[in-house]
There are 2 protein chains.
Amino acid sequence: MAGAISAELKARIEEVCREALRRAVPSEAERRRTLEFTERLIEALRLELSREGLDADVQVEGSIAKDTWLAGEKDIDIFVLLSTDYGRSVFPRVLKAAKRISGENCLEAYAEHPYLEAYIEGFTVNFVPCFRVRDAAEAKSSVDRTPFHTLYVKSKLNEQIKDEVRLLKAFMHGIGVYGAEIKIGGFSGYLCELLTLHYGSFLNVLEAASRWRRGEVIDIERYYADPEEARRLFKGSPLIVVDPVDRARNVASAVRVGRLHEFILASRLFLEKPDIKFFYPEAPKAYLADEMLRVMGSRGSAFIFLKTGPIRAVPDILWGQLFKSQRALSKLIEQFDFKIIRSDVWSDEKSANVFLFELATRFLPAVERHIGPPIEKIDDCKRFLKKHLASEHVLSGPMVEGDRLVVERRRRYTDAVNLLRDKLRDGGRSIGVASLVSKAFLESLEILVNEEIRDFYASNRDFAVFLTKYLRGRPSWPL
Amino acid sequence: MAGAISAELKARIEEVCREALRRAVPSEAERRRTLEFTERLIEALRLELSREGLDADVQVEGSIAKDTWLAGEKDIDIFVLLSTDYGRSVFPRVLKAAKRISGENCLEAYAEHPYLEAYIEGFTVNFVPCFRVRDAAEAKSSVDRTPFHTLYVKSKLNEQIKDEVRLLKAFMHGIGVYGAEIKIGGFSGYLCELLTLHYGSFLNVLEAASRWRRGEVIDIERYYADPEEARRLFKGSPLIVVDPVDRARNVASAVRVGRLHEFILASRLFLEKPDIKFFYPEAPKAYLADEMLRVMGSRGSAFIFLKTGPIRAVPDILWGQLFKSQRALSKLIEQFDFKIIRSDVWSDEKSANVFLFELATRFLPAVERHIGPPIEKIDDCKRFLKKHLASEHVLSGPMVEGDRLVVERRRRYTDAVNLLRDKLRDGGRSIGVASLVSKAFLESLEILVNEEIRDFYASNRDFAVFLTKYLRGRPSWPL
């Protein structure tokens, strides 16, 4: 592809990249403020930890440590490295110390590992206790590996490559695939850094990605003689980037298949038609409420919204629960023969959560076909006949169709709303709704159909943007 | 199974069979009338043929020749055997001769072979010209084989076996699987005779059939060392009965899979609970029109009836065309995403024909998903984007879903009735409707939905029985 790029196109690409870089590199003021704030946090935490009598190293990790953060990015990762002698029972004491310097606005979380997420002076600070191990392969959990990532990247970076990393991060951020958090399921900062180091520049990454195929293997330190070996090991991953500090890890394991392919397509389109909107999309717009209703109505489908009040959990827990519940609800709906056109989930992560299921129809006919056993299964046929000859739910049959018995019977749920109301009466734990969502369903479930969403739409700008995007269905970047 | 039958059950089975036989064997009067009428036909035809200057043998075939016809069966097969020296060009002269003795009420037909079907004095007489060949394997078409079938069966029959044959035929007739004609797709008289000869008695046939499996091979003359060999040769046939007079033919080739399994299930149930209704079902009932509408309405589905005026053709041609058209219409309907619950076709073979499609819903939502190419197909993606970015039919997207492009667009037909009206405007030849049906559609198509069928239902008893049976969906024999 690179070979086919005209000089004119190349110049335009470079121009857009220059403009993007200008906006992606933090200003001196931001840099100073962030670094000073980070230093203060570290000092304060060190003091608290020594008061606790803990012998620990406190250090910053992530993009702040590597000087690759994007202007405006407000995530600070503070790691507390402890001797393995302490054992996991020391973690609560570390979190207690972190809490004392965080004030009120924080949440204790437990993913693979306990940590504290605090919201201080506009930053999101993650305090993460971990063990000091000799090398990454000895890591007890993934956070023990992070300091090695930082060291690896810092040893390879120079000032020019940092710009290339920032371009890639800004591009990924702009097209909505940046971040390994569950909500996004995209590319972590570390992954962006590795890709840039591997391919040498931002544009090289895009050119390579344009031609990636599902199951692409990138093995920077050439740990595997044959990519098939890595593919077998990381089976099912749509993208495999072997961790340079631990050959047994896939750095891209969080990347979901949709995000990967958005990146691939956006890379291809950017190289054909460079545009600053890939990096910095226009501010999202929302339809006016009546316009939204008209657009929704023109689809002729049924929009079913399940709305709940707040769920208090860190975003990764929250989104994990939301997605799990969305899958369980989709499965339920389809199991009862309703056809889902598309489904999505929204949360502002504080006051409300909404599941959206767009169905081909809200109502199904009363009659439902039920395929019985093959005629040659003598005992199964006997049971089937016995059951259905006596049943008052049978509308037609039993009959022979082809080599099987069939009945047509009265459908249990002809209204998808009734189905949901019924199955969520107990919060829906039994059908697989995640615990916190189930609790929220019990406390505050509202089921809204089509235009019944109007009031909430009109009152919540973030939701309005979400639903508008859903209806347009297009990426924010130029197709 | 036989081993498990109690003496009491055995006695009841025998009692039912005695009663059935009493009704299945033609009376002396019927026998004399039929044979005399047949003789007269043969004499008359011989005279006409010699007037034509044709050297031919005229003989009766089928169940009249073998004395195995059922009381009330009114089918007479008259074959005209000619020397192969004549060639096929002689057939029209034979038919002309036959026409002269048939009067007005007859139809010339051409299936594999030309023949004349005449309706005389309450009988349906088939006049079939064929070639006199040395053995069945030399047959130029299946009718040349018929005289060998007659000879084979006559050489094996005795009076007692004739009763057993009649019981089997009456049973098959009663449960609706008797007849190789296209309308039925069941068991021919010859096939009934062979099964009876092979298994030795009516009840033995039923006991064997109870345990038949799909692809059962019955090879009376043991032409094949291994049934798998026959199964390979007659691949796809649900039942294989190797023709004793021609090892390359499957006598059961007309038996459709549904008919076979109806027979299997009915055999099993009869042996458990013998009942004269298997042989002689109760006269079919029809719902009163309002009751029918209530039952139909309770299903919540959409009944679409395509009704036409008469199609003049012999039944095999007519039903072949009706079934072919039904398949084409079903394919069309499903291709446009409408879900067919069940479908059926009715004809009185003279004045009217009706296709019935019961759909889950008559209307579909305006929005329709259209799955595009995988992202990794670069050129396909380019084409897809180009096409859909410009299209005014796109409601949402293009978007990336998983590893593919997707759009949601305006559906071409949201109303199944509009779809049918549109595609049948030209008779429907282009979508695969058979020629005579297409002609009837052009001349006299009515599309009726749900209760719009009421008038026709109320005016046509045969159709009312058909629709009632459709709605009940149960066999006429006791389940």
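Q: Which surface do the copies use to meet?
A: They meet through the same surface, because 100% of the interface residues of chain A are also interface residues in chain B. Contact here means that C-beta atoms, placed from the backbone, lie within 7 Å.

Q: And what kind of model is this?
A: A predicted one: local features need pLDDT of at least 70, side-chain atom pairs count only at pLDDT 80 or more, and totals for chains, interfaces and linings use all residues. Residues are numbered from 1 along each chain as its sequence is written, while chains are lettered from A and ligands numbered from 1 in the order in which they are written.

Q: How many residues does the contact take from each chain?
A: 44 from chain A and 44 from chain B.

Q: Which elements of chain A give two or more residues to that side?
A: α10 (257–272), β12 (367–374), α13 (378–390), β13 (394–401) and α17 (461–472). Helices (H or I, at least four residues) and strands (E, at least two) are DSSP runs, numbered from the N terminus.

Q: What rotation superposes chain A on chain B?
A: One of 180°, with 0.0 Å of shift along its axis and an RMSD of 0.1 Å. The two copies are thus related as by a two-fold rotation axis. The C-alpha of Thr361(A) is the nearest to the axis in chain A, at 4.7 Å.

Q: New topic. Which residues are buried in α1(A)?
A: Ile13(A), Cys17(A), Ala20(A) and Ala24(A). Buried means 20 or more other C-beta atoms within 10 Å of a residue's own, exposed 12 or fewer, and partly exposed in between, with C-beta atoms placed from the backbone.

Q: Where do they sit around the axis?
A: On the same side of α1(A), because they cover an arc of only 65°. That arc is taken over the directions from the helix axis to the C-beta atoms.

Q: What covers them?
A: The cover includes α6 (159–175) and α8 (202–210) of chain A.

Q: What does the face turned away carry?
A: Exposed residues, among them Glu8(A), Glu14(A), Arg18(A) and Arg22(A).

Q: How many residues are in the largest nonpolar core?
A: 84. Val80(A) and Phe127(A) are among those with the most contacts inside it. α10(A) gives the most to this core, with 8 residues. A nonpolar core is a set of buried Ala, Val, Leu, Ile, Met, Phe, Trp, Tyr and Cys residues joined through C-beta atoms within 7 Å.

Key
Copies are superposed by least squares on the C-alpha atoms of residues with pLDDT of at least 70 in both. Two residues are in contact if their C-beta atoms, placed from the backbone, lie within 7 Å.
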